[in-house]
Amino acid sequence: MKETQSIEWYKSRFDLFEKSLNGESKTPLHALRKQAIQTFAGMGFPSTHEEEWRFTNVLPIARTEFTPAFEYSAKGLRQADIDKFTFGGLNCTRLVFINGHLADEFSTHDPQPGVTIAGLKSALASHPELVSRHLAKYVKVDENAFTALSTAFIHDGAFVHVEENIEATNPIHLLFIVTGDQKVAVSPRNLIIAERGSKVSIVESYVSLATAPYLTNAVTEFVVDENAAIEHDKLQDESIEGFHIGTIHFQQSRTSNVVSNAINLGAAIARNNITAVLNGEGIESTLNGLSLATGTQHVDNHTTIDHAKPHCASHELYKSILDGKSKGVFNGKIFVRKDAQKTDAKQTNKTLLLSDDATIDTKPQLEIFADDVKCTHGATVGHLDEEQKFYLRSRGIGEEEANDLLTFAFASDVINRVHVDALREQLDTMIHARLQRGRTLAG
């Protein structure tokens, strides 16, 4: 399928989507959608000739006719199907989304004064001024073709608003499930607003019950007001036949604190664009990431930390474990603008290759326009340490077990930074299982 055909395909799907809106076509949101589809048509899918996509070929996505999921259907799904994607022992409010639509019947909600948790579709009616003030104000329509395509088909997603000086008592779990036997495209749009002095923990997970290839093209915007704190844990565990494009933006104000932990285990191609804008003094921002890939999986992590104001600190640790013929990409940018004096920024990228055919392209970048800063970055790529393996084997530990122990120790540096106990324990189990699976596929 030629690229021009795929563009025409999405334009024709947009026409059908527009006809299904029943009077919504004159709203400001729909004006945004129309701008977005025009932007997408003008940009087309990115190619490897573009620097930002040089190491990630999205032709398998561009040449497939994915049908945007306009309507909600949970046909055939049972609570047991949902429960296997929850985290045992996690006391939380959980919003479940089926193909991008809020599924009230599978969601749980423990109301707390000062905390609004809803679907974006209903929030557009109940909090129109608040939503319109922030929606698409940080992740721009023309940021890239996938952002434009996702914005063109906005229909639902998660809305969380924590009022001033309120601490959400339990984590909020946003569970996105793709299901069905059709080649669907889902575009959940999430807006999280933490007002001044508030605190909230968000767990965002993407999984699949689908039996056909599909595209998840998700966008999440965080607004972190003065002295607010957010922990965000994202688990991407999509089907090996699925494609995942995830865009996350943290807009931080003075003395706010963000901790982001991004775990990538699934998808044929996964691309994560994570941006933190430190737009006030005294901000702290921490981005952690762990990717496990095997077979022919491709995982691309693009991060940007924008130091716009002075006296801020950022910490970044991204690790990858690659087996089989998998490929990883890490592109980490740190901008320190002219006024951002006394910036303290540290970026570390480490990759463990478990096979000779696995590869990584890593590109740490520093662009510094201030003169009184402390910034470091570094990248390492290597195999398991033979001396450590010899030490373990000399104590009667088998080769596979020794390999797993060392690999898990490498991963645990990131996993241990997840503060939600139930999620961290589940991740331990999942990573042990993935190491076993990777060995099977590689063998």
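The second largest pocket holds about 440 Å³ of space. This is a predicted model, where local features need pLDDT of at least 70, side-chain atom pairs count only at pLDDT 80 or more, and totals for chains, interfaces and linings use all residues. Residues are numbered from 1 along each chain as its sequence is written, and side-chain values use heavy atoms, leaving out hydrogens and water.

**Second largest pocket**
- A pocket is an open set of points on a 1 Å grid over the protein atoms alone where a 1.4 Å probe fits, with protein on both sides within 12 Å along at least five of seven lines; lining residues have an atom within 4 Å of a point.
- A volume is the space filled by probe spheres set on the points, which are joined across faces, edges and corners.
- Among the 24 lining residues, Glu52, Glu143, Asn144, Arg271 and Asn273 are the closest to the centre of the second largest pocket.
- At least two lining residues each come from β14 (269-278), β16 (298-307) and β18 (327-336); strands are DSSP runs of E, at least two residues, and helices are runs of H or I, at least four, numbered from the N terminus.

**Largest pocket**
- The largest pocket has a volume of about 550 Å³.
- Of its 23 lining residues, Glu24, Thr27, Leu29, Arg33 and Leu124 are the closest to its centre.

**Sheet**
- An open sheet of mixed pairing has 10 strands, in the order β3-β2-β6-β9-β11-β13-β15-β17-β19-β21; strands pair if DSSP finds at least two bridges between them.
- β3 (101-102) and β21 (374-382) are at the edges with a single partner strand each, so one side of each has no neighbour in the sheet.
- Strands β17 (313-322) and β19 (344-353) run parallel, joined by 10 bridges.
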